[in-house]
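Trainee: Could you take me through one part of this protein slowly? I would like a close look at a pocket and what surrounds it.

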Amino acid sequence: MGKKSFYSILLFLFYISMNGGSYPNISALQGEALPPSFDDLYLKISRGNKKNETLSSRIYLITLNSVGMDTGSFPGGGIYSSAAAVSKILSQALEIPLKIPYLADLYDWLKAHAILIKKPSELISGDIIISPSSKDVQGHVGIIGERISERPDFAIYSNSLDSCLFLKNWTLSRWREYFEKDLKLNVYYFRLLKPLPQSTSNGP
């Protein structure tokens, strides 16, 4: 029996158990909603997969260990080095060579290789927050840290242009107040779910 067939049986039994032990009604073929497919069930379950949680936890742990990192020698001279600092942490977490010095390129890379988180309430430690630059305003990128209130609010770790160090220097509420409300920049949240192949690790 193949691996997918084995999991298909398990997921089918799981579906029945979640529906009071009843077998999917054939009347679904006559206009009612069909029972979920294997891929639908697998996707639903995999959203809570420990591998995903482990990668987010790994990014967060490396972030904590990177507090105080000197960014003065990074592209941008420590002032405009937020993308370089975050990509360095992601490179360590994913164990791939990843050097993205520009904010626009990192935003493009995240759109290609990460999933977009739509609501702040869905954030977890290790997610990425980014406000891409506009034509006239410099943006910023950081890593979501620990939850600090049920608002929800989180600590954010990023490059500090004042000290040229990687620090815990924002909260989610302050970030949105400054970048979204004051500077009129968009705020996006991304989550990396799995290590990436070497062949796709370096490009945006």
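Mentor: Happy to! Let's begin with a term: a pocket is an open set of grid points, where a 1.4 Å probe fits, with protein on both sides within 12 Å along at least five of seven lines. Keep in mind that the model is predicted.

The one to look at is the second largest pocket, with a volume of about 300 Å³. Its lining is made up of 16 residues. If you want to find its centre, look for His-140, Asn-159, Leu-161, Trp-170 and Phe-179, which lie nearest to that point. Now trace the lining back to the elements of the chain: strand S4 (153-160), strand S5 (165-171) and helix H6 (172-182) each give two or more residues. Helix H6 gives the most, with 3 residues. What classes of residue make up this lining? There are 7 nonpolar, 7 polar and 2 charged residues.

The chain has 6 helices and 6 strands, and from the N terminus on they run α-α-α-α-α-β-β-β-β-β-α-β.

For another part of the chain, turn to helix H4 (residues 82-94) and helix H5 (residues 103-113), which pack at an angle of about 35° with their axes 9 Å apart. Their contact is made by Ser-82, Ala-83, Val-86, Leu-90 and Leu-94 of H4, together with Leu-103, Leu-106 and Trp-109 of H5. By class, this contact has 7 nonpolar residues, 1 polar residue and no charged ones.

Terms used: Residues numbered from 1 in each chain as written. Predicted model: local features only at pLDDT ≥ 70, side-chain atom pairs only at ≥ 80, totals over all residues. Heavy atoms only, no water. Axes fitted to C-alpha atoms, helices over the stretch in contact; angles between N-to-C directions. Helix = DSSP H or I, 4+ residues; strand = E, 2+ residues; numbered from the N terminus. Contact = heavy atoms within 4.5 Å. Nonpolar A, V, L, I, M, F, W, Y, C, P; charged D, E, K, R; others polar. 1 Å grid on protein atoms, 1.4 Å probe; cavity = no way out; pocket = protein on both sides within 12 Å on 5 of 7 lines; lining within 4 Å. Points joined across faces, edges and corners; volume = space filled by probe spheres on them.
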